[in-house]
Amino acid sequence: MFIQAITLFPEMFESITEYGVTGRARKQDIWQFAAINPRQFADNKLGYIDDRPFGGGVGMVMMAEPLFCAIQAAKQQFSGSLKNSRVIYLSPQGQSLSHKKVLELSQLDNLVLLCGRYEGVDERVLQTAVDEEISIGDFVVSGGELPAMMLMDAVLRFVPNVLGEIASAEQDSFADGLLDYPHYTRPAEFQGMAVPDILKSGNHALIAEWRLEQSLRRTLTRRPDLLVSRELLPQETRLLDKIRQESDE
Ligand SMILES: COc1ccccc1CNc1ccc(C(N)=O)cn1
């Protein structure tokens, strides 16, 4: 997968291109990255890429021309099939990013991420050169770079070989629509708190059931909304009934 970010701060992306599983995978050429700074497309000597908003109001707006040229430049770099590509603008006005959308994006060959700064970008860029507007949550941060990196990381976890054993991405919570179960590692006792015995039993069937019960219990108490739209397997229904009876007692 070839990911390009259109950003005034290319160096910010080193946190995902140089570190952790995503950094290692990029260094192994499992995925590729390039940043394009719209300032290089500013048509004035001073490299202006923002201007005051029509209609007045606070702050500045990113101008259409430099961004449009940057997106065109990104499209010329595409590897693989041009069709299997998407230009995404990160913004609080976007469609909320979901696990389903993450999976869909992980199938693409090319991803272009437009990172806004100031009060946002000229609407005409969105109308002519952006395929989708995506939000990573109902909050505002100073630029689209951190949301872009969040999206990149979530998507890359589903690109084959990025994680090594793809299993750990599919076992992530949200992958099966439930919150994650609690995790423990050595020492067996920490500040007087022991690890649940079941996890030391070596009985993998019982451990799997315990973990599923813990996921269901956490989802029921912390995010019951996730259970509303989720089809339950018979074993899950049985465990949920058991959990509900306990809380009714
Ligand atoms: C004032 O910033 C903006 C104003 C308008 C658009 C983009 C930005 C850049 N900031 C962003 C970007 C995305 C998200 C999100 N929720 O995905 C949050 N903030």
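Is Gln-40 buried or exposed? With a relative accessible area of 57%, Gln-40 is exposed; the cut-offs are under 20% for buried and over 50% for exposed, with partly exposed in between (1.4 Å probe, protein chains only). Before going further, a word on the model: it is predicted, so local features need pLDDT of at least 70 and side-chain atom pairs count only at pLDDT 80 or more, while totals for chains, interfaces and linings use all residues. Residues are numbered from 1 along each chain as its sequence is written, and side-chain values use heavy atoms, with hydrogens and water left out.

Back to Gln-40. This residue lies in the loop between strand 2 (32–36) and strand 3 (50–51). Helices (H or I, at least four residues) and strands (E, at least two) are DSSP runs, numbered from the N terminus. Along the sequence, Gln-40 and Ala-70 are 30 residues apart, yet in space their C-alpha atoms are 8.4 Å apart.

Next come the charged side chains. The structure holds 15 salt bridges, where a salt bridge is a side-chain nitrogen of Lys or Arg within 4 Å of a carboxyl oxygen of Asp or Glu. Glu-18 takes part in a salt bridge with Arg-26, at 3.0 Å from N to O. Glu-18 also forms a salt bridge with Lys-27, and there the closest N and O atoms are 3.9 Å apart. How open are these residues to the outside? Glu-18 is partly exposed, at a relative accessible area of 31%, and Arg-26 counts as partly exposed too, at 22%. Lys-27, at 52%, is exposed.

Another pair worth a look is Glu-104 and Arg-86, whose side chains meet in a salt bridge of 2.9 Å, N to O. Glu-104 lies in helix 4 (residues 99–105) and Arg-86 in strand 5 (residues 85–96), so this pair ties together parts that are 18 residues apart in sequence. Arg-86 counts as buried at 16% relative accessibility, whereas Glu-104, at 32%, counts as partly exposed. The side chains of Arg-86 and Glu-104 are also joined by a polar contact of 2.9 Å. A polar contact is a pair of N or O atoms within 3.5 Å; within protein, one must be able to donate a hydrogen and the other to accept it, and residues adjacent in sequence count only if both atoms are side-chain atoms.

Which residues come nearest to the ligand? Of the 17 residues around it, these are Tyr-89, Ile-136, Gly-137, Phe-139 and Val-141; a residue is near a molecule or strand if one of its heavy atoms lies within 4 Å of it.

A polar backbone atom of Ile-136 is 2.8 Å from an oxygen atom of the ligand. For Gly-137, a polar backbone atom is 2.8 Å from a nitrogen atom of the ligand, and a backbone N or O atom of Phe-139 lies 3.0 Å from a ligand nitrogen atom. Taken alone, the ligand exposes 440 Å², and the protein buries 93% of that; accessible areas come from the Shrake-Rupley method with a 1.4 Å probe, and for residues only the protein chains shown count as cover.

As for where the ligand is, it sits in the largest pocket. On a 1 Å grid over the protein atoms alone, a pocket is an open set of points with protein on both sides within 12 Å along at least five of seven lines. A molecule sits in a pocket if more than half of its atoms lie within 2 Å of its grid points.

The peptide bond from Arg-186 to Pro-187 is cis, with omega near 5°, and Pro-187 has its place in the loop between helix 7 (167–170) and strand 8 (189–190). Tyr-118 is not a glycine, but has a positive phi of about 60°. Tyr-118 lies in the loop between strand 6 (110–115) and helix 5 (123–129) and is partly exposed, at 36%. Gln-191 has a positive phi as well, near 50°. This residue lies in the loop between strand 8 and strand 9 (193–194), and at 66% relative accessibility Gln-191 counts as exposed.

Note on methods:
On a 1 Å grid over the protein atoms alone, a cavity is a set of points where a 1.4 Å probe fits but cannot get out, and a pocket is an open set with protein on both sides within 12 Å along at least five of seven lines; lining residues have an atom within 4 Å of a point.
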